[in-house]
Amino acid sequence: MATYTTKSGDMWDLIAYRQLGSTSCTDLLINANLEHKDTYLFPSGVVLTLPEIERPINSLLPPWKRKGAGA
């Protein structure tokens with residue numbers, strides 16, 4: 001299972017976007033790390049588990065933002 005080590009000032013949605021490809025994955029990220037669910041701003045050095053995404057991230061985006069849309 002993949003992990004991510006936080007940097008000072010990281011937030012759930014930013015981590016989800018950068019590591020999982022979409023802020024839509026924020027709930028999945030939090031649920032994989034319930035011991036930190038009450039954290040808003042992370043200090044550096046917290047190791048988080050990155051959840052496995054069952055469906056392609058592209059399907060979480062609105063149609064106009066999907067790769068290849070309109071092509």
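Author: A salt bridge is a side-chain nitrogen of Lys or Arg within 4 Å of a carboxyl oxygen of Asp or Glu. In this structure, the side chains of Lys37 and Asp38 meet in such a bridge, at 3.5 Å from N to O. This is a predicted model, in which local features need pLDDT of at least 70 and side-chain atom pairs count only at pLDDT 80 or more, while totals for chains, interfaces and linings use all residues. Residues are numbered from 1 along each chain as its sequence is written, and side-chain values use heavy atoms, with hydrogens and water left out.

Reader: How many salt bridges does the structure hold, and are Lys37 and Asp38 buried or exposed?

Author: The structure holds 1 salt bridge. Buried means under 20% relative accessible area, exposed over 50%, and partly exposed in between, with a 1.4 Å probe and protein chains only. Lys37 is partly exposed at 47%, and Asp38 counts as exposed at 70%. Of the 71 residues of the protein chain, 30% count as buried.

Reader: Which elements make up the protein chain, and in what order do they run?

Author: Helices (H or I, at least four residues) and strands (E, at least two) are DSSP runs, numbered from the N terminus. The protein chain has 2 helices and 2 strands, and the order from the N terminus is β-α-α-β.

Reader: How is a pair of aromatic rings described?

Author: Such a pair is described by the distance of the centres and the angle of the planes. Rings of Phe, Tyr and Trp (its six-membered ring) pair if their centres lie within 6.5 Å; planes under 30 degrees apart count as stacked, over 60 as edge-to-face and the rest as tilted. A search of the whole structure finds 1 aromatic pair. The ring centres of Trp12 and Phe42 are 4.9 Å apart and the planes stand at 80°, so the pair is edge-to-face. Because Trp12 lies in helix α1 and Phe42 in the loop between α2 (26-31) and β2 (47-49), the pair ties together parts that are 30 residues apart in sequence. Trp12 is buried at 8% relative accessibility, as is Phe42 at 3%.

Reader: Which residues of α1 are buried, and what do they pack against?

Author: An α-helix has 3.6 residues a turn, so residues three or four places apart point the same way. In α1 the buried residues are Trp12, Ile15, Ala16 and Leu20. They cover an arc of only 100° around the axis (taken from the directions from the helix axis to the C-beta atoms), which puts them on the same side of α1. These buried residues pack against β1, α2 and β2, where contact means heavy atoms within 4.5 Å. The face turned away from the buried side carries the exposed residues Tyr17 and Arg18. Just after α1, Gly21 takes a positive phi of about 95°.

Reader: What does the side chain of Thr6 reach, and what does that of Asn33 reach?

Author: The side chain of Thr6 reaches the backbone oxygen of Pro43 at 2.6 Å. Thr6 sits in the loop between β1 (3-5) and α1 (12-20) and is buried, with a relative accessible area of 3%. Beyond four places in sequence, its contacts include Ile15, Phe42 and Leu48. Asn33, in the loop between α2 and β2, is buried at 0%. Its side chain reaches the backbone oxygen of Leu29 at 2.8 Å. Leaving aside neighbours within four places in sequence, Asn33 is in contact with Trp12, Leu48 and Thr49.

Notes. A polar contact is a pair of N or O atoms within 3.5 Å; within protein, one must be able to donate a hydrogen and the other to accept it, and residues adjacent in sequence count only if both atoms are side-chain atoms.
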